[in-house]
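Visitor: Please put the model up for me. I will then ask about it piece by piece.

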Amino acid sequence: MALLLVLSVLVIGSVGYWMFGFSLVDSIYMTIITVSTVGFKEVEPLGQNEKIFTSILILSSIFIVGYAIKVITENIISRNNIVNLRRKRVQSKIQLLKDHIIVCGFGRNGRQAVLKLKNYNKDFVVIESNEEVIDDHRGDGILFLDGDATQDEVLNLAGIERASTLISALPSDADNLFIVLSARQLNPHLKIISRATEETSYQKLKLAGADNVILPDKIGGDHMASLVVVPDLVEFLDNLSVSGEDDSINVEQIPFEKVCPSGEELTIRDLDLRRKTGCSIIGYKTPGGEYIVNPDPSLKLEQGSKLIVIGRPNQIESLKQQYEV
(Lines give C-alpha, C1' and ligand atoms only; values in the text may rest on other atoms or scores of the structure.)
Protein backbone atom coordinates (compact mmCIF):
# COMPACT_ATOMS: atom_id res chain seq x y z
CA MET A 1 0.00 0.00 0.00
CA ALA A 2 2.86 2.40 0.80
CA LEU A 3 4.54 1.73 -2.54
CA LEU A 4 1.21 2.11 -4.32
CA LEU A 5 0.66 5.52 -2.74
CA VAL A 6 4.11 6.72 -3.84
CA LEU A 7 3.51 5.43 -7.36
CA SER A 8 0.15 7.21 -7.44
CA VAL A 9 1.79 10.53 -6.51
CA LEU A 10 4.37 10.11 -9.28
CA VAL A 11 1.72 9.27 -11.86
CA ILE A 12 -0.62 12.10 -10.83
CA GLY A 13 2.27 14.59 -10.81
CA SER A 14 3.55 13.52 -14.21
CA VAL A 15 0.08 13.63 -15.79
CA GLY A 16 -0.60 17.01 -14.19
CA TYR A 17 2.55 18.65 -15.57
CA TRP A 18 1.95 17.02 -18.95
CA MET A 19 -1.53 18.59 -19.07
CA PHE A 20 0.04 21.98 -18.33
CA GLY A 21 2.07 21.66 -21.53
CA PHE A 22 5.32 20.09 -20.35
CA SER A 23 6.88 17.28 -22.38
CA LEU A 24 6.64 13.74 -21.01
CA VAL A 25 10.29 13.70 -19.91
CA ASP A 26 10.03 17.17 -18.37
CA SER A 27 6.79 16.16 -16.61
CA ILE A 28 8.41 13.13 -15.02
CA TYR A 29 11.51 15.19 -14.12
CA MET A 30 9.44 17.96 -12.52
CA THR A 31 7.46 15.42 -10.53
CA ILE A 32 10.58 13.66 -9.21
CA ILE A 33 12.38 16.86 -8.12
CA THR A 34 9.15 18.12 -6.52
CA VAL A 35 8.35 14.91 -4.63
CA SER A 36 11.94 14.45 -3.50
CA THR A 37 12.19 18.16 -2.51
CA VAL A 38 15.77 18.40 -3.83
CA GLY A 39 15.34 22.11 -4.65
CA PHE A 40 16.41 22.08 -8.31
CA LYS A 41 15.27 24.87 -10.63
CA GLU A 42 12.07 24.41 -12.65
CA VAL A 43 12.41 23.34 -16.29
CA GLU A 44 10.22 26.26 -17.34
CA PRO A 45 8.81 29.28 -15.47
CA LEU A 46 5.59 28.29 -13.68
CA GLY A 47 2.30 30.14 -14.04
CA GLN A 48 -0.32 30.62 -11.33
CA ASN A 49 -2.04 27.27 -11.95
CA GLU A 50 1.28 25.39 -12.16
CA LYS A 51 2.41 26.92 -8.85
CA ILE A 52 -0.84 25.91 -7.11
CA PHE A 53 -0.55 22.35 -8.50
CA THR A 54 3.12 22.15 -7.44
CA SER A 55 2.28 23.35 -3.91
CA ILE A 56 -0.42 20.72 -3.53
CA LEU A 57 1.94 18.07 -4.91
CA ILE A 58 4.68 19.04 -2.43
CA LEU A 59 2.35 18.91 0.60
CA SER A 60 0.86 15.59 -0.49
CA SER A 61 4.22 14.01 -1.22
CA ILE A 62 5.68 15.03 2.15
CA PHE A 63 3.07 13.00 4.03
CA ILE A 64 2.87 10.09 1.58
CA VAL A 65 6.61 9.64 1.07
CA GLY A 66 7.23 10.05 4.80
CA TYR A 67 4.64 7.37 5.54
CA ALA A 68 6.11 5.09 2.86
CA ILE A 69 9.63 5.44 4.28
CA LYS A 70 8.33 4.59 7.76
CA VAL A 71 6.44 1.49 6.59
CA ILE A 72 9.22 0.21 4.35
CA THR A 73 11.85 0.73 7.05
CA GLU A 74 9.78 -1.14 9.63
CA ASN A 75 9.22 -3.94 7.15
CA ILE A 76 12.95 -4.27 6.42
CA ILE A 77 13.86 -4.21 10.11
CA SER A 78 11.21 -6.80 11.00
CA ARG A 79 12.35 -9.10 8.22
CA ASN A 80 15.94 -8.87 9.42
CA ASN A 81 14.80 -9.61 12.96
CA ILE A 82 13.25 -13.05 12.51
CA VAL A 83 12.60 -13.47 16.21
CA ASN A 84 10.43 -10.36 16.44
CA LEU A 85 8.59 -11.28 13.28
CA ARG A 86 7.89 -14.74 14.65
CA ARG A 87 6.66 -13.32 17.95
CA LYS A 88 4.31 -10.95 16.15
CA ARG A 89 2.89 -13.84 14.15
CA VAL A 90 2.39 -15.94 17.28
CA GLN A 91 0.79 -13.03 19.12
CA SER A 92 -1.64 -12.39 16.27
CA LYS A 93 -2.73 -16.04 16.42
CA ILE A 94 -3.12 -15.94 20.21
CA GLN A 95 -5.34 -12.87 19.98
CA LEU A 96 -7.80 -14.90 17.91
CA LEU A 97 -8.10 -17.65 20.54
CA LYS A 98 -10.93 -17.91 23.04
CA ASP A 99 -11.65 -20.56 25.68
CA HIS A 100 -8.23 -22.04 24.96
CA ILE A 101 -5.78 -23.85 27.26
CA ILE A 102 -2.51 -22.38 28.49
CA VAL A 103 0.26 -24.90 29.19
CA CYS A 104 3.12 -23.54 31.30
CA GLY A 105 6.29 -25.54 30.72
CA PHE A 106 7.18 -28.00 27.98
CA GLY A 107 8.96 -30.65 30.02
CA ARG A 108 7.93 -34.29 30.31
CA ASN A 109 4.51 -33.54 31.80
CA GLY A 110 3.89 -30.55 29.58
CA ARG A 111 4.61 -32.56 26.45
CA GLN A 112 2.23 -35.32 27.45
CA ALA A 113 -0.47 -32.74 28.14
CA VAL A 114 0.12 -31.10 24.75
CA LEU A 115 -0.04 -34.47 22.97
CA LYS A 116 -3.41 -35.20 24.54
CA LEU A 117 -4.74 -31.74 23.72
CA LYS A 118 -3.66 -32.12 20.10
CA ASN A 119 -5.50 -35.45 19.90
CA TYR A 120 -8.62 -33.73 21.19
CA ASN A 121 -8.16 -30.85 18.68
CA LYS A 122 -8.12 -28.31 21.50
CA ASP A 123 -6.74 -24.80 21.07
CA PHE A 124 -3.76 -24.22 23.34
CA VAL A 125 -0.71 -22.03 23.92
CA VAL A 126 2.55 -23.28 25.40
CA ILE A 127 4.64 -20.88 27.50
CA GLU A 128 8.29 -21.95 27.51
CA SER A 129 11.40 -19.99 28.50
CA ASN A 130 13.97 -22.33 26.95
CA GLU A 131 14.59 -21.15 23.39
CA GLU A 132 16.37 -24.38 22.45
CA VAL A 133 13.31 -26.42 23.38
CA ILE A 134 11.11 -24.12 21.32
CA ASP A 135 13.42 -24.36 18.29
CA ASP A 136 13.51 -28.16 18.53
CA HIS A 137 9.69 -28.42 18.41
CA ARG A 138 8.80 -25.43 16.26
CA GLY A 139 7.86 -27.67 13.35
CA ASP A 140 5.35 -29.67 15.40
CA GLY A 141 2.53 -27.20 14.85
CA ILE A 142 2.60 -26.00 18.47
CA LEU A 143 1.87 -22.37 19.32
CA PHE A 144 4.83 -21.40 21.53
CA LEU A 145 5.09 -18.21 23.55
CA ASP A 146 8.68 -17.46 24.55
CA GLY A 147 8.71 -16.14 28.09
CA ASP A 148 8.60 -16.74 31.84
CA ALA A 149 5.18 -18.03 32.89
CA THR A 150 5.63 -16.61 36.40
CA GLN A 151 5.37 -13.09 34.95
CA ASP A 152 1.91 -11.54 34.73
CA GLU A 153 2.82 -9.86 31.43
CA VAL A 154 3.53 -13.22 29.80
CA LEU A 155 0.27 -14.70 31.07
CA ASN A 156 -1.60 -11.71 29.66
CA LEU A 157 0.14 -12.18 26.30
CA ALA A 158 -1.08 -15.79 26.36
CA GLY A 159 -4.66 -14.48 26.61
CA ILE A 160 -5.32 -15.65 30.15
CA GLU A 161 -8.40 -13.43 30.46
CA ARG A 162 -9.97 -15.36 27.54
CA ALA A 163 -8.63 -18.82 28.44
CA SER A 164 -10.72 -21.61 29.94
CA THR A 165 -7.95 -23.67 31.55
CA LEU A 166 -4.34 -23.32 32.69
CA ILE A 167 -1.98 -26.26 33.15
CA SER A 168 1.10 -25.43 35.21
CA ALA A 169 3.69 -28.13 34.56
CA LEU A 170 6.94 -26.51 35.68
CA PRO A 171 9.43 -28.70 37.59
CA SER A 172 9.57 -26.32 40.57
CA ASP A 173 6.68 -26.38 43.04
CA ALA A 174 7.49 -22.79 44.02
CA ASP A 175 7.13 -21.63 40.40
CA ASN A 176 3.88 -23.55 40.01
CA LEU A 177 2.57 -21.98 43.21
CA PHE A 178 3.45 -18.51 41.94
CA ILE A 179 1.74 -19.18 38.60
CA VAL A 180 -1.41 -20.47 40.30
CA LEU A 181 -1.61 -17.37 42.50
CA SER A 182 -1.12 -15.02 39.54
CA ALA A 183 -3.50 -16.87 37.25
CA ARG A 184 -6.28 -16.97 39.86
CA GLN A 185 -6.03 -13.19 40.30
CA LEU A 186 -5.95 -12.50 36.55
CA ASN A 187 -8.92 -14.77 35.79
CA PRO A 188 -11.09 -15.84 38.75
CA HIS A 189 -13.16 -18.18 36.53
CA LEU A 190 -10.14 -20.04 35.13
CA LYS A 191 -9.80 -23.77 35.72
CA ILE A 192 -6.27 -24.37 37.02
CA ILE A 193 -4.45 -27.71 37.00
CA SER A 194 -1.01 -27.80 38.58
CA ARG A 195 1.81 -30.29 38.84
CA ALA A 196 3.46 -30.92 42.21
CA THR A 197 6.64 -32.77 43.13
CA GLU A 198 6.31 -32.84 46.93
CA GLU A 199 3.19 -34.02 48.73
CA THR A 200 3.59 -31.08 51.11
CA SER A 201 2.93 -28.74 48.18
CA TYR A 202 -0.47 -30.29 47.45
CA GLN A 203 -2.44 -28.34 50.05
CA LYS A 204 -0.55 -25.12 49.35
CA LEU A 205 -1.43 -25.26 45.66
CA LYS A 206 -5.06 -25.99 46.49
CA LEU A 207 -5.17 -22.99 48.84
CA ALA A 208 -3.54 -20.83 46.17
CA GLY A 209 -6.43 -21.55 43.82
CA ALA A 210 -5.62 -24.74 41.92
CA ASP A 211 -8.70 -26.81 41.07
CA ASN A 212 -6.65 -29.98 40.62
CA VAL A 213 -3.14 -30.88 41.77
CA ILE A 214 -1.34 -33.80 40.13
CA LEU A 215 1.55 -35.69 41.75
CA PRO A 216 3.22 -37.52 38.81
CA ASP A 217 5.55 -39.58 40.99
CA LYS A 218 2.68 -40.80 43.16
CA ILE A 219 0.55 -41.65 40.14
CA GLY A 220 3.48 -43.48 38.53
CA GLY A 221 4.11 -45.54 41.67
CA ASP A 222 0.44 -46.45 42.02
CA HIS A 223 0.35 -47.45 38.37
CA MET A 224 3.36 -49.75 38.69
CA ALA A 225 1.92 -51.38 41.81
CA SER A 226 -1.42 -51.87 40.06
CA LEU A 227 0.37 -53.69 37.22
CA VAL A 228 1.39 -56.25 39.83
CA VAL A 229 -1.94 -56.51 41.67
CA VAL A 230 -4.45 -56.17 38.81
CA PRO A 231 -2.41 -56.20 35.56
CA ASP A 232 -5.27 -57.03 33.17
CA LEU A 233 -7.46 -54.27 34.55
CA VAL A 234 -4.68 -51.70 34.24
CA GLU A 235 -3.89 -52.73 30.66
CA PHE A 236 -7.57 -52.44 29.80
CA LEU A 237 -7.75 -48.96 31.31
CA ASP A 238 -4.63 -47.99 29.37
CA ASN A 239 -6.56 -48.70 26.17
CA LEU A 240 -9.14 -46.04 27.04
CA SER A 241 -7.62 -43.43 24.76
CA VAL A 242 -8.85 -40.54 22.68
CA SER A 243 -7.73 -42.13 19.43
CA GLY A 244 -6.47 -45.46 18.20
CA GLU A 245 -7.28 -48.44 16.01
CA ASP A 246 -10.78 -49.55 15.18
CA ASP A 247 -10.82 -52.04 18.05
CA SER A 248 -9.63 -49.58 20.70
CA ILE A 249 -12.01 -48.09 23.25
CA ASN A 250 -12.56 -44.41 23.81
CA VAL A 251 -14.06 -42.36 26.61
CA GLU A 252 -15.85 -39.05 26.15
CA GLN A 253 -17.85 -36.63 28.28
CA ILE A 254 -20.95 -34.81 27.09
CA PRO A 255 -22.77 -31.99 28.94
CA PHE A 256 -26.49 -31.86 29.65
CA GLU A 257 -27.20 -29.03 27.19
CA LYS A 258 -25.87 -31.17 24.32
CA VAL A 259 -27.94 -34.29 25.00
CA CYS A 260 -31.00 -32.27 26.05
CA PRO A 261 -30.91 -29.13 23.89
CA SER A 262 -34.54 -28.34 24.67
CA GLY A 263 -33.76 -28.13 28.40
CA GLU A 264 -36.14 -30.96 29.28
CA GLU A 265 -34.71 -33.22 31.98
CA LEU A 266 -34.88 -36.73 30.50
CA THR A 267 -33.94 -40.04 32.10
CA ILE A 268 -31.06 -42.12 30.80
CA ARG A 269 -33.62 -44.63 29.50
CA ASP A 270 -35.51 -41.92 27.61
CA LEU A 271 -32.25 -40.62 26.16
CA ASP A 272 -31.54 -44.05 24.63
CA LEU A 273 -27.93 -43.13 23.86
CA ARG A 274 -26.88 -46.73 23.28
CA ARG A 275 -29.31 -47.26 20.40
CA LYS A 276 -28.59 -43.88 18.78
CA THR A 277 -24.78 -43.91 18.87
CA GLY A 278 -23.62 -47.29 20.16
CA CYS A 279 -21.95 -45.63 23.18
CA SER A 280 -22.64 -46.76 26.73
CA ILE A 281 -23.05 -44.46 29.72
CA ILE A 282 -20.59 -45.44 32.45
CA GLY A 283 -20.69 -42.37 34.65
CA TYR A 284 -22.78 -39.36 35.66
CA LYS A 285 -21.58 -36.11 37.23
CA THR A 286 -24.23 -34.22 39.17
CA PRO A 287 -24.43 -30.39 39.08
CA GLY A 288 -22.92 -30.45 42.57
CA GLY A 289 -19.82 -32.33 41.40
CA GLU A 290 -20.74 -35.79 42.72
CA TYR A 291 -19.86 -38.76 40.49
CA ILE A 292 -22.13 -41.77 40.04
CA VAL A 293 -20.57 -44.85 38.45
CA ASN A 294 -22.79 -47.00 36.20
CA PRO A 295 -25.93 -44.87 36.78
CA ASP A 296 -29.36 -46.49 36.77
CA PRO A 297 -31.47 -46.10 33.58
CA SER A 298 -34.19 -44.42 35.62
CA LEU A 299 -31.80 -41.61 36.69
CA LYS A 300 -33.09 -38.24 35.50
CA LEU A 301 -30.48 -35.91 34.03
CA GLU A 302 -30.32 -32.50 35.67
CA GLN A 303 -29.29 -29.20 34.13
CA GLY A 304 -25.58 -28.59 34.66
CA SER A 305 -24.76 -32.30 34.80
CA LYS A 306 -22.48 -34.34 32.55
CA LEU A 307 -22.44 -37.86 31.16
CA ILE A 308 -19.33 -40.04 30.82
CA VAL A 309 -19.66 -42.45 27.89
CA ILE A 310 -17.52 -45.24 26.47
CA GLY A 311 -17.35 -46.55 22.94
CA ARG A 312 -15.19 -47.43 19.97
CA PRO A 313 -13.75 -44.58 17.86
CA ASN A 314 -16.50 -44.81 15.22
CA GLN A 315 -19.16 -44.78 17.94
CA ILE A 316 -17.55 -41.77 19.64
CA GLU A 317 -17.44 -40.02 16.27
CA SER A 318 -21.14 -40.76 15.78
CA LEU A 319 -21.81 -39.30 19.23
CA LYS A 320 -19.87 -36.13 18.41
CA GLN A 321 -21.66 -35.63 15.11
CA GLN A 322 -25.13 -36.26 16.47
CA TYR A 323 -24.78 -34.07 19.59
CA GLU A 324 -22.20 -31.58 18.22
CA VAL A 325 -19.76 -32.24 21.03
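Guide: Helices here are DSSP runs of H or I with at least four residues, strands are runs of E with at least two, and both are numbered from the N terminus. The model is predicted: local features need pLDDT of at least 70, side-chain atom pairs count only at pLDDT 80 or more, and totals for chains, interfaces and linings use all residues. Residues are numbered from 1 along each chain as its sequence is written, and side-chain values use heavy atoms, with hydrogens and water left out.

Visitor: Is Asn 294 buried or exposed, and at what relative accessible area?

Guide: Relative accessible area, taken with a 1.4 Å probe on protein chains only, sets the class: buried is under 20%, exposed is over 50%, and partly exposed is in between. Asn 294 is exposed, because its relative accessible area is 60%.

Visitor: What is the phi of Asn 294?

Guide: Most residues other than glycine have a negative phi. Asn 294 is not a glycine, yet its phi is positive, at about 50°.

Visitor: Which value is phi of Asp 99 near?

Guide: Asp 99 sits in the loop between helix H4 (82-94) and strand S1. It counts as exposed because its relative accessibility is 52%. Its phi is positive in a residue other than glycine, near 60°.

Visitor: At what angle do the axes of helix H1 and helix H2 cross?

Guide: Axes are lines fitted to C-alpha atoms, for helices over the stretch in contact, and angles run from 0 to 180 degrees between N-to-C directions. The axes of H1 (residues 2-19) and H2 (residues 24-35) come within 8 Å and cross at roughly 130°.

Visitor: How many nonpolar, polar and charged residues has the contact of H1 with H2?

Guide: Contact means heavy atoms within 4.5 Å, and among the H1 residues that meet H2 are Val 9, Gly 13 and Tyr 17. Ala, Val, Leu, Ile, Met, Phe, Trp, Tyr, Cys and Pro count as nonpolar, Asp, Glu, Lys and Arg as charged, and the others, Gly among them, as polar. For H1 with H2, the tally is 8 nonpolar, 5 polar and no charged residues.

Visitor: How far apart are the C-alpha atoms of Leu 24 and Pro 295?

Guide: Leu 24 lies in H2 and counts as exposed because its relative accessibility is 56%. Leu 24 and Pro 295 are 271 residues apart along the chain, and their C-alpha atoms are separated by 89 Å.

Visitor: Which kind of aromatic pair do Tyr 17 and Phe 22 form?

Guide: Rings of Phe, Tyr and Trp (its six-membered ring) pair if their centres lie within 6.5 Å; planes under 30 degrees apart count as stacked, over 60 as edge-to-face and the rest as tilted. The structure holds 4 aromatic pairs. Tyr 17 and Phe 22 are 5.6 Å apart centre to centre with 80° between the planes, a pair that is edge-to-face.

Visitor: How many residues apart are Phe 106 and Phe 144?

Guide: Their ring centres are 5.2 Å apart and their planes lie at 85°, so this pair is edge-to-face. Phe 106 is in the loop between strand S1 (101-104) and helix H5 (108-119), while Phe 144 is in strand S3 (residues 144-146), and the two are 38 residues apart.

Visitor: How far apart in space are Lys 204 and Leu 177, C-alpha to C-alpha?

Guide: Lys 204 is found in helix H9 (residues 200-208) and counts as exposed because its relative accessibility is 51%. Lys 204 and Leu 177 are 27 residues apart in sequence, and their C-alpha distance in space is 7.6 Å.
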